[in-house]
Amino acid sequence: MRKRKLIPLLAMTVIFFANCKDDKMFEVELYKNVLALISTEHYNTFQEPVELTGEPVVGYLAATSGGTLAPDKDIVLKLEEDKEQFDFYNHTLHDVNKDAYARLLDKKHYEIAEYAIKIPKGSRTGVTPVTLKPEGLSPDSIYFISLKIVDDPKLSINKRKKSLLYQVLIKNQYATQENKSLYEMSGFLNNVVIAGNKQMFPLTKDQVRITAGVTPFKSNVKDIKETSIVLKIDSNKVSIQPYGSLQVKMIDGNKDFPNSFHVEKAFGRTFNVFLLAYEYKVKKKTFTMFERLRMEVKP
C-alpha cells in the first residue's frame, strides 16, 4: 500500500518541478532584452528626409530593446558597415536591371562619429547621430547607408532586425523625394489650352526640376537630360534654365505668367504656385508654353 501512495506523490513532485522549470524559462524569455535596429519591415529600411539648406544636417540611427522591463544597465550596440542587406535589396527588387539599383551613399555625403548606439539604463531606445551632407545628391536615385550590429555573445540580438538600410531623401520648400510632388498644371501650349499634373524634383535649396511643356516624365538619364528644365527661385522671381541639352528661353513681360513663385492661402489651405512663360525647341520645332503650377503644402 505504501508503494502505491508514493507513486502519485512522486509524479506530482516531478510535475511541480517541471512547471517551476517552465516558469523560470518563460520568465527568462519574458524579461530578456532583445535588441534591434529601428526600421520598417520593407527590407529593414529607414527613411530620413533631409532639407537642402546648403549646410550639413544631423540625422539619427536608432535602436530599441524588447522585453517586459527596460534594461537594468547601459547597453552599447556596436555597428559596422555591411553590404549584405544592400545587395539583397537590389537583387530581390531589380534582379539584373542594374540601372534601377539603389546606390551606397558616398562617404563625402555623411559622417558617423561613433559606430555605436547606447541604450541607457531604464530606457528602451537609444540613438547615435549621423551628419548628412545632401548637396549634390540626385532626386532620381535611391541612396543608402548599409549597416548592421556587430555580433556580441553577451547580447541578445534580433537576427531579423540586426541590419539597417538608412535611406537619405532630399527635399526643399517646393518639392520632396519622400513622395511625388505633383503640381496641378494649367495654361497654354502654342495657344492650345492644356491641363494635367507635373512632377517636380528638388535639386538644391532654391532649385527644382520639371519637364518642359506637356512632356511626360521618363525616369532614365537620357530622357531627363533631353526634356527637363531647371527653375531657380529667388524670393518671388523664377529664372528658367536647361537641365541638360534642351534649348529653352524665358519669355518676360507677360502679366498673367510673369515667371514668378508665390504662396497662396485659401480656406485654411496653403499652396505653392508657379506662373511660368518660356519657349523650348524639340527637333527644330519651337513650342511656346504658359503654365500655372499649383500644389497644396503643409503650412
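Tutor: Let us begin with one bridge in this predicted model. In strand 8, Tyr 60 has a bridge partner.

Student: Which residue in strand 8 is the bridge partner of Tyr 60?

Tutor: Tyr 60 itself is found in strand 3. Strand 3 and strand 8 (residues 125–132) run antiparallel and are joined by 8 bridges. Within strand 8, the residue that partners Tyr 60 is Pro 129.

Student: Is Tyr 60 buried, partly exposed or exposed?

Tutor: The relative accessible area of Tyr 60 is 43%. Buried means under 20% and exposed means over 50%. Because its value falls in between, Tyr 60 is classed as partly exposed.

Student: What accessible area does the nonpolar surface patch of Val 58, Tyr 60 and Val 127 have?

Tutor: Tyr 60, a residue of strand 3, belongs to this patch together with Val 58 and Val 127. The accessible area of the three residues together is about 280 Å².

Student: In what order do the 5 strands of the open sheet stand?

Tutor: Strand 1 (residues 34–37) pairs with strand 10 (residues 156–157) in the parallel sense over 2 bridges, and Val 34 stands opposite Ser 156 there. Strand 1 also pairs with strand 3 (residues 57–65), in the antiparallel sense over 3 bridges, with Leu 35 opposite Ser 65. The pairing in the sheet is accordingly mixed, and the order is 6-8-3-1-10.

Student: Is Thr 211 buried or exposed?

Tutor: Thr 211 lies in strand 14. Not counting residues up to four places away in sequence, its contacts include Lys 198, Phe 217 and Tyr 278. Its relative accessible area is 6%, and the cut-off for a buried residue is under 20%, so Thr 211 is buried.

Student: How far apart in space are Thr 211 and Asp 223?

Tutor: Thr 211 and Asp 223 are separated by 12 residues in sequence. Taken from C-alpha to C-alpha, their separation in space is 9.7 Å.

Student: Does Gln 199 count as buried or exposed?

Tutor: Gln 199 is found in strand 13. Leaving out residues up to four places away in sequence, it touches Arg 209, Ile 210 and Phe 217, among others. Because its relative accessibility is 18%, which falls under 20%, Gln 199 counts as buried.

Student: What percentage of the residues in the protein chain is buried?

Tutor: The secondary structure of the chain comes to 3 helices and 20 strands. Of the 299 residues in the chain, the buried ones make up 39%.

Note on methods
Residues are numbered from 1 along each chain as its sequence is written. This is a predicted model: local features need pLDDT of at least 70, side-chain atom pairs count only at pLDDT 80 or more; totals for chains, interfaces and linings use all residues. Side-chain values use heavy atoms; hydrogens and water are left out. Two strands pair if DSSP finds at least two bridges between them. Helices (H or I, at least four residues) and strands (E, at least two) are DSSP runs, numbered from the N terminus. Patches are made of residues with over 30% relative accessible area and no salt bridge: like charges are joined within 9 Å, nonpolar side chains (Val, Leu, Ile, Met, Phe, Trp, Tyr) within 5 Å. Accessible areas come from the Shrake-Rupley method with a 1.4 Å probe; for residues, only the protein chains shown count as cover. A salt bridge is a side-chain nitrogen of Lys or Arg within 4 Å of a carboxyl oxygen of Asp or Glu. Buried means under 20% relative accessible area, exposed over 50%, partly exposed in between (1.4 Å probe, protein chains only). Contact means heavy atoms within 4.5 Å.
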